[in-house]
Amino acid sequence: MNDYLVRIMTTDGAIRALACVTTETVAEAARRHATLPTATTAMGRALTAGALMGALLKTDQRVALKFEGNGPLGKILVEAQSSGAVAGTVGNPAVELPLKEGRVDVAGALGRAGFLTVTKDLRLKQPYSGTVQLVSSEIGEDLAHYLTESEQIPSAVGLGVFVEQDGTVGGAGGFLIQALPPQDEAAIALLMERIGRLPALSEQFRNGGTPEQLLELLFLGIPHETIEKRVVAFHCSCNREKGEKALLTQERESLRKTAEQDGGITVTCTFCKEPWHFTPEEIDALFDESTEPAAGVEAASPD
Ligand SMILES: [Zn+2]
């Protein structure tokens with residue numbers, strides 16, 4: 001088990017907490033998207049946020065996070081599933097900014113003005129969606145703000161990604177703590193104080209720190225029990241069928257021309273960069289088989 005998540009609950013049921021290590025997940029995303037360190041850090045924090053949010057879902061549910069600021073990074077999109085699968089992408093993977101006060105300038109990359117939209121597919125008729133303004137554009141604080149304001153559950157979130165000198169991911173992980181009614185004010189005050197004194201999460205995970213150690217540090221002396229431990233991994237839900245659907249939204253004749261010139265067409269998944277290749281013959285067959293008019297089909301684009 002490489003990346004994983006641990007969930008605990010205080011014995012009085014007033015506080016639940018999740019912590020995860022996401023080093024491999026972030027490294028895989030950085031490799032697939034060829035991100036530079038600032039973009040790696042921003043996307044890595046968002047992926048870790050996704051893993052934490054995904055763990056709050058029930059079986060087969062999905063959650064999508066969209067961080068959209070006015071900075072050079074563009075949008076960060078993350079999709080997470082209850083299974084622990086998480087995938088994500090960033091608008092401009094080549095964003096690299098100088099350190100700001102010794103820290104990676106995620107806020108500068110994402111931009112201080114913008115929105116976080118959380119969409120949950122709870123397998124009901126309509127997906128649930130909530131939007132808040134970005135408060136710090138550091139990702140963790142923005143997610144905490146969303147949970148507290150939009151979902152009305154007072155929450156604290158910490159996220160950390162350590163990028164080595166050579167651009168590889170040295171460590172990543174995070175935590176999410178939520179106060180449930182009736183609120184245990186004393187425990188919350190103690191936790192807030194401990195969160196304020198935590199050493200940098202990026203360095204903790206880089207130095208081999210585990211989710212269990214992080215939770216023990218925060219919940220020392222607060223009676224709690226471990227509810228579950230689950231795998232987290234970079235995994236995209238795309239498949240060849242999504243590529244087919246994307247092709248069917250295009251104009252058949254122009255596709256045919258391009259396909260014949262280039263020996264086929266490759267549709268690349270936005271989230272995982274997996275290339276799905278279609279030969280001119282396959283494209284022809286696809287259009288012949290599709291009984292529906294192409295105009296009604298949705299593209300595989302995440303937006
Ligand atoms: Zn994909």
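**Reading a two-domain predicted model**

Mentor: The centres of domain 1 and domain 2, taken over C-alpha atoms, are separated by 35 Å, the domain bounds coming from an automatic or database domain assignment. This is a predicted model, in which local features need pLDDT of at least 70 and side-chain atom pairs count only at pLDDT 80 or more, while totals for chains, interfaces and linings use all residues. Residues are numbered from 1 along each chain as its sequence is written.

Trainee: Into which domains is the protein divided, and how many residues of domain 1 are in contact with domain 2?

Mentor: Two residues are in contact if their C-beta atoms, placed from the backbone, lie within 7 Å. Here the protein is divided into domain 1 (4-234) and domain 2 (240-296), and 6 residues of domain 1 are in contact with 4 residues of domain 2. On the side of domain 1 that touches domain 2, the elements giving two or more residues are α1 (23-33) and β5 (85-90), and β5 gives the most, with 3 residues.

Trainee: How many helices and strands does the protein have?

Mentor: Helices (H or I, at least four residues) and strands (E, at least two) are DSSP runs, numbered from the N terminus. The protein has 10 helices and 13 strands.

Trainee: Is helix α5 largely buried or in the open?

Mentor: A residue is buried if 20 or more other C-beta atoms lie within 10 Å of its own, exposed if 12 or fewer, and partly exposed in between, with C-beta atoms placed from the backbone. Of the 13 residues of α5, the number buried is 1, so this helix lies largely in the open. In the protein as a whole, buried residues make up 41% of the 303 residues.

Trainee: Which residues touch the most other members of the largest nonpolar core?

Mentor: In soluble globular proteins, nonpolar side chains tend to be buried together. A nonpolar core is a set of buried Ala, Val, Leu, Ile, Met, Phe, Trp, Tyr and Cys residues joined through C-beta atoms within 7 Å. In this model the largest such core has 76 residues, of which A42, A46 and A49 touch the most other members. Its largest share, 9 residues, comes from helix α2 (residues 37-54), and the core draws at least three residues from each of domain 1 and domain 2. Leaving aside residues up to four places away in sequence, A49 touches L65, V78, I139, G140, L143, V157 and L159. Apart from this core lies another, of 7 residues, among them A246, L248, V267 and F278.
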